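Visitor: I would like to learn how to read some features in a model. Can you take me through them one by one?

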Amino acid sequence: KANVLGLWLNVPEETLKERVIQRTIDNTSESDATIDILEKQIEHQKEVTNYQHLNTARNIKDIIDNVLSIMHDSKLINNKPVTKQPYNKRPFD
C-alpha cells in the first residue's frame, strides 16, 4: 500500500496569458500555444477537489517550502515529519 499526496499547481489565468504572450514575443518555445488555445483549455478544465491546491505564481523557494510543509503535516514519509533542508538553486531554476 502506498501513500499518495496529490498536489494541484494553480496559477492565475492572467499569469498564464502573460507567459504565453512572452514566449511568443521572445520566440523561446517550441509550443504552438496561443491565447485562444489557453482560453479553451481553461474553459474545459474541471474542478479538482481531492488534491492539495498550491498557488505557483510566486518564487520557487516559497513553493518548495509550502510543499515541504504539506509533506511534514501529512507525515507521508515513514510517518515521520519531513526535515526542511536549506534551499539551494537547482539546474532547472
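Visitor: Is E13 buried or partly exposed?

Guide: Look at relative accessible area: buried means under 20%, exposed over 50%, and partly exposed in between, with a 1.4 Å probe and protein chains only. E13 has 38%, so E13 is partly exposed. This is a predicted model, where local features need pLDDT of at least 70 and side-chain atom pairs need 80 or more, while totals for chains, interfaces and linings use all residues. Residues are numbered from 1 along each chain as its sequence is written, and side-chain values use heavy atoms, without hydrogens and water.

Visitor: With which residue does the side chain of E13 meet in a salt bridge?

Guide: Start with the general idea. Side chains of opposite charge can pair when their charged atoms come close. The test for a salt bridge is a side-chain nitrogen of Lys or Arg within 4 Å of a carboxyl oxygen of Asp or Glu. Here the partner of E13 is K17, at 3.2 Å from N to O. Both residues sit in helix 1, four residues apart, about one turn of the helix. Helices here are DSSP runs of H or I with at least four residues, strands are E runs of at least two, and both are numbered from the N terminus.

Visitor: Does K17 count as buried or exposed?

Guide: K17 counts as buried, because its relative accessibility is 17%.

Visitor: What else lies in helix 2?

Guide: D36 is one of the residues there. At 42% relative accessibility, D36 is partly exposed. Compare two kinds of separation. D36 and K17 are 19 residues apart in sequence, with 9.7 Å from C-alpha to C-alpha in space.

Visitor: How many salt bridges does a search of the whole structure find?

Guide: It finds four. Among them is the pair K61 and D65, whose closest N and O atoms are 2.8 Å apart. The pair also shows up as a polar contact between the two side chains, at 2.8 Å. A polar contact is a pair of N or O atoms within 3.5 Å; within protein, one must be able to donate a hydrogen and the other to accept it, and residues adjacent in sequence count only if both atoms are side-chain atoms.

Visitor: Where do K61 and D65 lie?

Guide: Both are in helix 3, four residues apart, about one turn of the helix. Helix 3 covers residues 60-74. K61 is partly exposed at 38%, and D65 is partly exposed at 22%. Elsewhere, salt bridges that share partners join E13, K17 and E39 into one network.

Visitor: How many aromatic pairs does the search find?

Guide: Rings of Phe, Tyr and Trp (its six-membered ring) pair if their centres lie within 6.5 Å; planes under 30 degrees apart are stacked, over 60 edge-to-face, and the rest tilted. The whole structure holds one such pair. W8 and Y51 form it, edge-to-face, at 5.9 Å centre to centre with 75 degrees between the planes. The pair links distant parts of the chain, 43 residues apart: W8 is in strand 1, and Y51 is in the loop between helix 2 and strand 2 (52-55). W8 is partly exposed at 28%, as is Y51 at 37%.

Visitor: Which residues line the largest pocket?

Guide: W8, L9, N10, V11, P12, E13, L16, I42 and Q45. By class, that lining has six nonpolar, two polar and one charged residues. Strand 1 gives the most, with three.

Visitor: What pattern does the protein follow along the sequence?

Guide: The pattern is β-α-α-β-α. That is three helices and two strands. Of the 93 residues in the protein, 14% are buried.

Methods. On a 1 Å grid over the protein atoms alone, a cavity is a set of points where a 1.4 Å probe fits but cannot get out, and a pocket is an open set with protein on both sides within 12 Å along at least five of seven lines; lining residues have an atom within 4 Å of a point. Ala, Val, Leu, Ile, Met, Phe, Trp, Tyr, Cys and Pro count as nonpolar, Asp, Glu, Lys and Arg as charged, and the others, Gly among them, as polar.
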